[in-house]
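Reader: Before I rely on any label attached to this model, I would like to see each one set against the rule behind it. Could you take me through them in that way?

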Amino acid sequence: MKFRHRPPHEEQRLRWRPLDAAATLPVPTFADVLAAAAAIRPHLSPTPLLRHPLLERACGTEVWVKHENHQPTGAFKVRGGVNLVSRLDPAERERGIIGASTGNHGQSLAWAAHRFGVRAVICVPKGANPVKAEAIRSWGAELVEHGRDFDEAREHCEALAAAHGYRYVHSGDEPLLIAGVATETLEIVEARPDIDVVVVPVGGGSGAAGACVVARALGGSVEVIGVQSEAAPAAYRSWQAHRLVEDRMGTAAEGLATRTAFALPQRILWEHLDDFLLVGEDDLERATLLMLETTRNLVEPAGAAAVAAVLRHPARFAGRRVAVVCSGGNLAPAQLAALLRRHPVEA
């Protein structure tokens, strides 16, 4: 049975934000997701949906892992990038695109732009994940390092877009991106129509919003649960409050590292997300190492967030058939070495 969970409000000084122009953007429909699947199919193969017995033993329930870490960029966002860039009009192609990212959105745009012969400029925070930064460069995009976190890089990106006339591609407030990344959930339910719940990591929320679009089309037979870090809970608190808020950003998981919620994904989550869970930084690290050990896959902490939620909230998932989205696997060697030093027993 579906239900909506609203945990008690925790006392927190929050900065409220009004809905901006993204409030008027159209919400993607299931027809948009099907169109995105057709646009993506010539360029991206479906990713594996696999069971791993040792992981299931640790989780205590049936778990299917959607391996978006097998994408050519190592992360799910490339689906949205291909869907959007493939639909640029001639003027937009001539101007080129620009986006801000902690890495995976930037790789998505760089890969898609390379595929379709479009110029791309990607803004990342200073000290961004070197694996992701070099991958962005490898696809021919111009990399601009600016600011101490994603949101400062995003603000600089918006200024560059206005100054140079680039087509700005927001990492969440883009209907074509949401429809594109929704195809991961479409593949899950096509492969396993008996899935009970899909658990999706949340940074800006495009992946969870896309999952909700697909689940809504199925009439509520599949529950969608979002997961965010306790150290960067802006999207979680926005979902609780049904208003956009800013909050602290202290997570080391780049894919979850936003201090501002995004309007378009939140509009979808407010209406259709069944539950939203928080996990700790230690939960993310332990889940990352568990997935490395039990699935033999390199996974970044954001990509392990869904597993972290199942491990932290076992009663929520007991006896259910659970699909967890492994959203990315772009873990730098230095990050992996640091994880192993912090958790020597698990290693």
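Author: A residue is called buried when its relative accessible area is under 20%, exposed when it is over 50%, and partly exposed in between, with a 1.4 Å probe and protein chains only. The model is a predicted one, in which local features need pLDDT of at least 70 and side-chain atom pairs count only at pLDDT 80 or more, while totals for chains, interfaces and linings use all residues. Residues are numbered from 1 along each chain as its sequence is written, and side-chain values use heavy atoms, with hydrogens and water left out.

Reader: Why is Arg296 called exposed?
Author: Arg296 has a relative accessible area of 65%, which is over the limit for the exposed class, and so the label follows. Arg296 sits in the loop between helix 13 (281-295) and helix 14, where helices (H or I, at least four residues) and strands (E, at least two) are DSSP runs, numbered from the N terminus. Although Arg296 is not a glycine, its phi is positive, about 60°.

Reader: What makes His242 partly exposed?
Author: The relative accessibility of His242 is 35%, and it therefore counts as partly exposed. His242 belongs to the loop between helix 11 and strand 10 (244-246), and it too is a non-glycine residue with a positive phi, here about 55°.

Reader: How do you know which class Ser101 belongs to, buried or exposed?
Author: Ser101 has a relative accessible area of 2%, so it is buried. Its place is in the loop between strand 4 (97-100) and helix 5 (104-116). With contact taken as heavy atoms within 4.5 Å, and leaving aside neighbours within four places in sequence, Ser101 is in contact with Gly106, Ile122, Cys123, Val124, Pro125 and Phe150. The C-alpha atoms of Ser101 and Cys123 are separated by 6.2 Å, and these residues stand 22 apart along the chain.

Reader: What makes helix 14 mostly covered?
Author: Of the 8 residues in helix 14 (residues 305-312), 6 are buried, namely Ala305, Ala306, Val307, Ala308, Ala309 and Val310. In the loop between helix 14 and helix 15 (314-317) lies His313, whose 24% relative accessible area makes it partly exposed. Beyond four places in sequence, the contacts of His313 are with Leu277 and Leu278.

Reader: What makes the largest nonpolar core a core, and which residues have the most contacts inside it?
Author: A nonpolar core is a set of buried Ala, Val, Leu, Ile, Met, Phe, Trp, Tyr and Cys residues joined through side-chain atoms within 4.5 Å. The largest such set has 37 residues, and those with the most contacts inside it are Ile188, Val198, Val200, Val224, Leu269, Leu273 and Phe276. Among the elements that each supply at least two residues are helix 9 (183-191), strand 8 (197-201), helix 10 (206-217) and helix 12 (263-272), with helix 10 giving the largest share, 7 residues. A second, separate core of 29 residues includes Val279, Ala304, Val307 and Ala309. In soluble globular proteins, nonpolar side chains tend to be buried together.

Reader: Why is Thr185 called buried?
Author: Thr185 is buried because its relative accessible area is 2%. This residue of helix 9 touches Val198, Ala211 and Val214, not counting residues up to four places away in sequence.

Reader: Why is helix 10 described as oblique to helix 12?
Author: The two axes, which are lines fitted to C-alpha atoms over the stretch in contact, with angles from 0 to 180 degrees between N-to-C directions, come within 9 Å and cross at roughly 45°. That value makes helix 10 oblique to helix 12, because angles under 35 degrees count as roughly parallel, over 145 as roughly antiparallel, 65 to 115 as roughly perpendicular, and the rest as oblique. The contact is made by Ser206, Ala208, Ala209, Cys212, Val213 and Arg216 of helix 10, together with Pro265, Ile268, Leu269 and His272 of helix 12.

Reader: How do the residues of that contact divide into nonpolar, polar and charged?
Author: They comprise 7 nonpolar, 2 polar and 1 charged, on the rule that Ala, Val, Leu, Ile, Met, Phe, Trp, Tyr, Cys and Pro count as nonpolar, Asp, Glu, Lys and Arg as charged, and the others, Gly among them, as polar.
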